[in-house]
Amino acid sequence: MTGKWNYLPLTNQQKQAATALGAHCGGIPAIGELLVRRGVSTPEEADSFFAPSISDLHDPFLMQDMDKAVNRLNKAMGSKERIMIYGDYDVDGTTAVALVYKYLQNYYSNIEYYIPTRYDEGYGISLKSIDYAADNGIKLIIVLDCGIKATEEIAYAKSKGIDFIICDHHVPDEILPPAVAILNPKMPGSKYPCKYLSGCGVGFKFMQAFAMSNGLTNHNELESLLDLVAVSIAADLVPIVGENRVMAYHGLRRLNSNPNLGLRSIIRICKLTNKDITISDVIFKIGPRINASGRMQCGIEAVDLLVSRDLHDAYEKGKDIDQYNKDRKELDKRITEEANHLISNNVEIIKDKRSIVIYNKDWHKGIIGIVASRLTEMYYKPSVVLTLSNGLATGSSRSVQGFDVYAAINDSRDLLENFGGHPYAVGLSLKEENIPEFTRRFEEYVAKHIQPHQLSPHLDVDAQIQFADITPELLQYLKKLNPFGPGNQKPIFCTRNVFDFGTSKLVGKNLEHIKLELEDNSTSHVLNAIAFNMAQYFEHIHAHKPIDIIYTIEQSKRANNTETIQLMIRDIKPSAGY
């Protein structure tokens, strides 16, 4: 069993809205319920949800300091100042740098980009980069996906006559850096309607405002870069709602029709050419390859790829990055095994604890965020994984659903040298001697604030249906709910009293999975399904005893262009009485 099943019945008001929406959407009640659960309440909102329009993007000047940022950029270009585009070494940062650089290059040539090295300079704005800028006559730095906490670094740059425009989306501190402008929808008092832009999304809004201020009417130049925004939204796991949904929707269309050459090379390497690329493909195939550059070598190689103008050159760069990803996978597997070994040999790490903090000075800095994610998934506890880098214990944390790990780490900020991130993922550094006290206080905070239901996995069910409800019309509307991701997850359905058709079998190297053919009493149709790592239910199913299942509906095209569906089983329970 995976965990608890949560199905929250609709209120009477929601039921009325769902009925009206279901009638509007081909008379399909389940679609009405799915829309209501996604905050849609009227047929007009449903139409907009199914077909987001570029015109639905917000006015970028609603963002605090946008006028200051545009004015400073225009001044720099008018005075022919040298401009640096600076960004974090992850997917969000490198796509953001590529987007701003590519767009401004259409109108200005005195410009370059800079990505810090993870191992030499570390996260955020480095003093090395500021010295480089000063030595090379750079007067303006546009920083993307970091910088909101770089108070000392930006003050140092200011003393050297260098201005900063910060484009960030991480949580700011009370004391803000002395930048010319700070573009961040999370700023205190911000009235910008979309609070959860990616760093690349903030960069896009900046370029949108720049275009508006200069009367640049070739909208395709800017909109053609939405494939980069879609990749950042998927990889950074920001909610795909509101303006993010608009940009992800149109970015995915670009990714599937005419992506930039760098992304096209990765699509080819991932064997996604001529396939319908989804947010899931970006998360599990495209994003990790872009990320691998910053994890294993230097993120600037990812930007080199994404701004490439030659297909052959892009493909060669893509192959290098693909090799980094293969190396990353091997390291990831080894370090995860070592982390589990460390925990199993030191039971006090997790015994009676609601959090995990582990440290190994020899682990690879570029992999520990992935390892923290693995531990969180395995043990279902907020996890911090630390290694030694440049004399400091440097690490990453990940959280379970519903728990704000940023707040937990912020509670121990007096022990930290640096930290920053989101409610579900935070990077941090501290002195080695502070690890024991940090571990104690982190556990103390988690134990006090985490809710019991957050310590075990649970699955939220969107709708209870029968197999007869799975019609071609339902499938067509499910496609319209794309793109799926945080804030709009792929719908999870529940069907009760389901039987094996008689042909289900165990599959997999160790016969750990079940390949199923299922039926219920609502229809004679038999549906294919797969249940990964659920072999323990096979005897019950094979005995033709009824089961309840929760699942997503997966659709794919065969070679002959016909569509096939398969239920992806998320959990199984014997039906009541069995």
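This is a predicted model: local features need pLDDT of at least 70, side-chain atom pairs count only at pLDDT 80 or more; totals for chains, interfaces and linings use all residues.
**Entry 1**

I began with Asn 274, which is exposed, with a relative accessible area of 82%. Asn 274 sits in the loop between helix H12 (261-269) and helix H13 (279-296). I checked its backbone: phi is near 65°, a positive value in a residue other than glycine. I noted the background: most residues other than glycine have a negative phi, and most peptide bonds are trans.

Next I took Asp 65. Its phi is also positive, near 75°, and this residue is not glycine either. I found Asp 65 in the loop between H3 and helix H4 (66-78). Is Asp 65 buried or exposed? It counts as buried, because its relative accessibility is 18% and the cut-off for buried is under 20%.

Then I looked at a peptide bond. Asn 482 and Pro 483 are joined by a cis peptide bond, with omega at about 0°. Pro 483 belongs to the loop between H19 and S14.

**Entry 2: helix H2**

I asked how many residues of helix H2 are buried. The buried residues are Ala 30, Ile 31, Gly 32, Glu 33, Leu 34, Leu 35 and Val 36. I noted that Glu 33 is on that list.

What covers them? The cover includes helix H1 (12-24) and helix H3 (43-50). It also includes strand S13 (463-464), helix H19 (472-480) and strand S14 (493-500). After H2 comes Gly 39, whose phi is positive, near 85°.

**Entry 3: H5 against H10**

I moved to a helix pair. Helix H5 (residues 91-105) and helix H10 (residues 226-235) have axes that come within 9 Å and cross at roughly 165°. That angle makes H5 roughly antiparallel to H10, because the cut-off for that label is over 145 degrees. The crossing of H5 past H10 is left-handed.

I listed the contact. From H5 I wrote down Val 91, Asp 92, Thr 95, Ala 98, Leu 99 and Lys 102. They meet Leu 228, Val 229, Val 231, Ser 232 and Ala 235 of H10. By class, this contact has 7 nonpolar, 2 polar and 2 charged residues.

**Entry 4: the five-stranded sheet**

In what order do the strands of the open sheet lie? I read S7-S8-S9-S11-S10, 5 strands with mixed pairing. Strand S7 (356-359) and S10 are the edge strands, each pairing on one side only. Neighbouring strands are turned by 15° against each other on average, direction ignored.

I went through pairs in turn. Strand S8 (residues 383-389) runs antiparallel to S9, and 7 bridges join them. Here Val 385 stands opposite Ser 396 of S9. Helix H16 (residues 368-379) packs on the sheet and touches S7, S8 and S9. The direction of H16 makes about 45° with that of S9.

Strand S9 (residues 392-398) and strand S11 (residues 425-430) also run antiparallel, joined by 6 bridges. Thr 394 is opposite Ser 429 in S11. Strand S10 (residues 416-421) is joined to S11 by 5 bridges, again antiparallel. Leu 416 has Leu 430 of S11 as its bridge partner. S10 and S11 form a hairpin, with 3 residues between them. I noted one general point: strands of a sheet pair through backbone hydrogen bonds, either parallel or antiparallel.

**Entry 5: Leu 506**

Last, I looked up Leu 506, in strand S15 (residues 505-507). It counts as partly exposed, because its relative accessibility is 28%, and that class lies between 20% and 50%.

Which residues does Leu 506 touch, leaving out those up to four places away in sequence? I found Leu 511, His 513, Ile 514, Ala 535 and Phe 538. I also checked a distance to Arg 118, which is 388 residues away along the chain from Leu 506. The C-alpha atoms of these two are separated by 45 Å.

Key: Residues are numbered from 1 along each chain as its sequence is written. Side-chain values use heavy atoms; hydrogens and water are left out. Buried means under 20% relative accessible area, exposed over 50%, partly exposed in between (1.4 Å probe, protein chains only). Helices (H or I, at least four residues) and strands (E, at least two) are DSSP runs, numbered from the N terminus. Contact means heavy atoms within 4.5 Å. Two strands pair if DSSP finds at least two bridges between them. Axes are lines fitted to C-alpha atoms, for helices over the stretch in contact, and angles run from 0 to 180 degrees between N-to-C directions. Angles under 35 degrees count as roughly parallel, over 145 as roughly antiparallel, 65 to 115 as roughly perpendicular and the rest as oblique. A crossing is left-handed if the near helix is turned anticlockwise from the far one by less than a right angle, and right-handed if clockwise. Ala, Val, Leu, Ile, Met, Phe, Trp, Tyr, Cys and Pro count as nonpolar, Asp, Glu, Lys and Arg as charged, and the others, Gly among them, as polar.
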